[in-house]
Amino acid sequence: MIQFDHVTQRYPGGQEGLSQVSFNLAKEEMVFLTGHSGSGKTTLLKLIALLEKPSCGTIIVDGRNLDRISERHIPDMRRQIGLIFQTPQLLTDRSIFENVSLPLVIEGYRPSEMSRRVHAALAKVGLENKGGLTPEMLSCGEQQRVGIARAIVSKPPILLADEPTGNLDPELSAEIMRLFVQLNQVGITILIATHDVNLIGTLPYRKLTLKEGCLINEKGE
């Protein structure tokens, strides 16, 4: 589903965000990407999401070489990927329903189909009765769940999460991680970047470890 072949990302001034990184992520697999702050985790996720282009190397996502995707087809490719961030970046002047529906509004869904999908996404993250509330009425953990619902409402086959539990306490972090496990069990391919090795240490999923832009360890469970 995702393949990196000797991928390097070099920024102006010569600093390398990634250096000769190679790995494969199978369809419907869930993998953790670990490493200290600045190790290259966010850079790697941005390359998959076509938010950046690599300096060299090849990235294949769902059978497509990202280097060969034209500018006008990038939005279509991005719709195959759900993005989840450390801070869910919700619109405070919109309801939870409206926040989750944003990707569908952009894609031009009909109101009836939009409503069905939003309710289904909220139900999947355990917030089926919260659609009429606004973000400030929710806890931090619930707000992160809204961010996840927004990422899955378009039913993308791939989810990328960048430090999704970074602002949560251990109990809420474990709760969010259980939700990712459930999403993976219904067939979504998931790559989660996190520095919380204690949280993921007991989970039976493969771990990729970055250090200063280099992949130094690939541990299978």
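Analyst: Start with the lining of the largest pocket. By class, this lining holds 11 nonpolar, three polar and four charged residues. One caution: the model is predicted.

User: How large is the largest pocket, and which residues are closest to its centre?

Analyst: The volume of the largest pocket is about 520 Å³. Its lining has 18 residues, and I81, L83, P103, I106 and R150 are the closest to the centre.

User: What makes a residue of that lining count as nonpolar, polar or charged?

Analyst: The residue type decides. Ile, Leu and Pro are among the nonpolar types, and Arg is among the charged ones.

User: Which helices and strands supply at least two residues each to the lining of the largest pocket?

Analyst: Four elements do: α2 (74-78), β6 (81-84), α3 (96-107) and α5 (140-152). With four residues, α3 gives the most.

User: Which residues of α3 are buried, and what do they pack against?

Analyst: I96, N99, V100, S101 and L104 are buried in α3. Buried means under 20% relative accessible area. The buried residues of α3 pack against α4 (111-124) and α5. After α3 comes G108, with a positive phi near 80°.

User: Why is I60 called partly exposed?

Analyst: I60 has a relative accessibility of 22%. Buried needs a value under 20%, and exposed needs one over 50%. The value for I60 lies in between, so I60 counts as partly exposed.

User: Where is I60 found, and what does I60 touch?

Analyst: I60 is in strand β4. Leaving out residues up to four places away in sequence, I60 touches M1, I2, Q3 and N65. Contact here means heavy atoms within 4.5 Å. V31 is 29 residues from I60 along the chain, and their C-alpha atoms are separated by 17 Å.

User: How do you know that β4 pairs with β1 and with β5?

Analyst: Pairing asks for at least two bridges between two strands. β1 and β4 have five bridges, in the antiparallel sense. β4 (residues 56-61) and β5 have two bridges, also antiparallel. Both pairs therefore meet the cut-off. V61 stands opposite R64 in β5.

User: What makes β2 and β5 the edge strands?

Analyst: The sheet is open and has four strands in the order β2-β1-β4-β5, with antiparallel pairing. β2 (16-25) and β5 (64-65) each pair on one side only. Helix α1 (residues 41-48) packs on this sheet and touches β1 (2-10), β2 and β4. The direction of α1 makes about 120° with that of β1.

User: How many residues lie between the strands in the hairpin of β4 and β5?

Analyst: Two residues lie between them. In this hairpin, D62 takes a positive phi near 55°.

User: What makes β7 mostly covered?

Analyst: Five of the five residues in β7 (residues 158-162) are buried. I158, L160 and D162 are buried on one side, and L159 and A161 on the other, so both faces are covered. In a regular strand, side chains alternate between the two faces of the sheet.

User: How do you know that β7 pairs with β6 and with β8?

Analyst: The cut-off is again at least two bridges. β6 and β7 have four, in the parallel sense. β7 and β8 (residues 189-193) have five, also parallel. Both pairings therefore qualify. I158 in β7 stands opposite I81, and its bridge partner in β8 is T189.

User: Why is a cavity not called a pocket?

Analyst: In a cavity the 1.4 Å probe fits but cannot get out, whereas a pocket is open. The structure holds one cavity of 30 Å³ or more. About 70 Å³ of space lies in the largest cavity.

User: Which residues line the largest cavity?

Analyst: Its lining includes L47, L50, P54, I59 and L66. β4 gives the most to this lining, with three residues. By class, the lining has five nonpolar, two polar and three charged residues.

How values were computed
Residues numbered from 1 in each chain as written. Heavy atoms only, no water. 1 Å grid on protein atoms, 1.4 Å probe; cavity = no way out; pocket = protein on both sides within 12 Å on 5 of 7 lines; lining within 4 Å. Points joined across faces, edges and corners; volume = space filled by probe spheres on them. Axes fitted to C-alpha atoms, helices over the stretch in contact; angles between N-to-C directions. Buried < 20%, exposed > 50% of the residue type's maximum accessible area, 1.4 Å probe, protein only.
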